[in-house]
Amino acid sequence: MIIALPTDRPFAADESRIEHDIAPLRVAMMGRSLRGQFSGVVRYTDELIRALATADGVRLDVFLTRADDGLDALPITRRRAPFPTPNEYTRALWEQCVVPFGVRRTEPDVYHSPNYILPVALRCPSVVTVHDMAFLDRSVHRLRSHLYLSVLTAIAMRKATRVVCVSSYTGERLAARFPSVRPKIRIVGEGISSRFMPQERSAVEAFRARCKISTPYVLFVGTVEPRKNLARLIRSFEVAVRREGLPHHLVIAGASGWKTGPVRAAYEQSAVRDRIQFIGYVDDAELPAAYAGADVFAYPSLHEGYGLPPLEAMACGTPVITSSTTALAEIAGPAAATVHPEDEKALADTIASVLTHRGRHERLANAGLAHAARFRWDAVADEMIQVYREAAR
């Protein structure tokens, strides 16, 4: 049975911290994703480590590559790879062949992989986090990623003592694919970093100046890849602004991923391409200002197991338009305007409506602020500790 959080608080953890009056729990965690730009699993891993590091009743050992991980000030034990791991192949070799021996020497109560995969040779109780099932879809994943994740995730599902899914949507899809895993599944959502909040005008103006944004704008944040549905967003944006005579630009913030051809084609064919800006990856320090400066945050993704960017935008006071499918409607709840991601007309109508109707714009902004306040990493850490203790028993 999938154990979900209370229905009045979907995927946000309890308000109060849990008092741990029993022996400290020793947790070993894989941190190989902590390198380079923050997105998706990287942010999840970083925020969870930070929350666990200051939680009561936990001693944390983190297995890391030699990359800069930003964890210097935390009260954790860092265990570095003994050799350079410059690519995915060497990191996989280290995780599968070296880490199990390090874990054995560490003698943790439980090992946690926040990214789908467990070392095959692991011999202690274990927890693995599954974020989504998109890796099964060849249309949105590279072949090598599809094969690697499909095989090793299946192995991890058999080995894991508990499987954490970040949404009920992901949990049900995982159980449908691996029915025997259902009794192991626990639903523990994600939190929002405290840095995401309404911003001072000076911070917003500094961001706009750096990116040369001189007009009102609609914002998207995420990697430019097929599942983010950017070609439809570009076409819908064009329809909305031309029909309503709006001055807005569409600002697309995120690193270039793979299969970007359809997005580039939609951009080249757009009659408003001079108002579409690809600004690349936005650093974490500047991202709240990017959200806060937007009139609307649009995120019509096709595949999401959770979806932090809409919640981050809400926390910064920006109205959100997102998909009515996958986990996005579940996580965003009634605080966002939702449309089917394949319905370009509905997406265009919704963009136009939120931008032109002040009352709806304000209602969504206020609802988003209240909704986002429920998602805290310290509370998520408390729930994870419960899962760890359950696995360790």
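Angles under 35 degrees count as roughly parallel, over 145 as roughly antiparallel, 65 to 115 as roughly perpendicular and the rest as oblique. Axes are lines fitted to C-alpha atoms, for helices over the stretch in contact, and angles run from 0 to 180 degrees between N-to-C directions. Helices (H or I, at least four residues) and strands (E, at least two) are DSSP runs, numbered from the N terminus. The model is predicted, so that local features need pLDDT of at least 70 and side-chain atom pairs count only at pLDDT 80 or more, while totals for chains, interfaces and linings use all residues. Residues are numbered from 1 along each chain as its sequence is written, and side-chain values use heavy atoms, with hydrogens and water left out.

Helix α6 (residues 230–244) packs on helix α7 (residues 261–269) at an angle of about 15°, the axes lying 8 Å apart. The two helices α6 and α7 are therefore roughly parallel to each other. Contact, meaning heavy atoms within 4.5 Å, involves L230, A231, I234 and R235 of α6 and P262, V263, A266 and Y267 of α7. Seven nonpolar residues, no polar residues and one charged residue make up this contact of α6 with α7; Ala, Val, Leu, Ile, Met, Phe, Trp, Tyr, Cys and Pro count as nonpolar, Asp, Glu, Lys and Arg as charged, and the others, Gly among them, as polar.

Helix α6 also packs with helix α11 (residues 344–356), at an angle of about 50° and with axes 8 Å apart. This angle makes α6 oblique to α11, and the crossing is right-handed. On the α6 side the contact includes R232, L233 and R235, and on the α11 side E344, L347 and A348. By class, the contact of α6 with α11 has eight nonpolar, two polar and six charged residues.

Between α1 and helix α13 (residues 377–392) the angle is about 80° and the axes are 9 Å apart. Helix α1 is thus roughly perpendicular to α13. Y44, E47, L48, A51 and L52 of α1 meet W377, D378, V380, A381, M384, I385 and Y388 of α13.

One cavity of 30 Å³ or more is counted (on a 1 Å grid over the protein atoms alone, a set of points where a 1.4 Å probe fits but cannot get out; lining residues have an atom within 4 Å of a point). The largest cavity has a volume of about 30 Å³. Its lining consists of R43, E47, G191, I192, S193, F196, L308, E312 and W377, with at least two residues each from α1 (41–53) and α9 (308–315).

Note on methods
1 Å grid on protein atoms, 1.4 Å probe; cavity = no way out; pocket = protein on both sides within 12 Å on 5 of 7 lines; lining within 4 Å. Points joined across faces, edges and corners; volume = space filled by probe spheres on them. Left-handed = near helix turned anticlockwise from the far one by under 90°.
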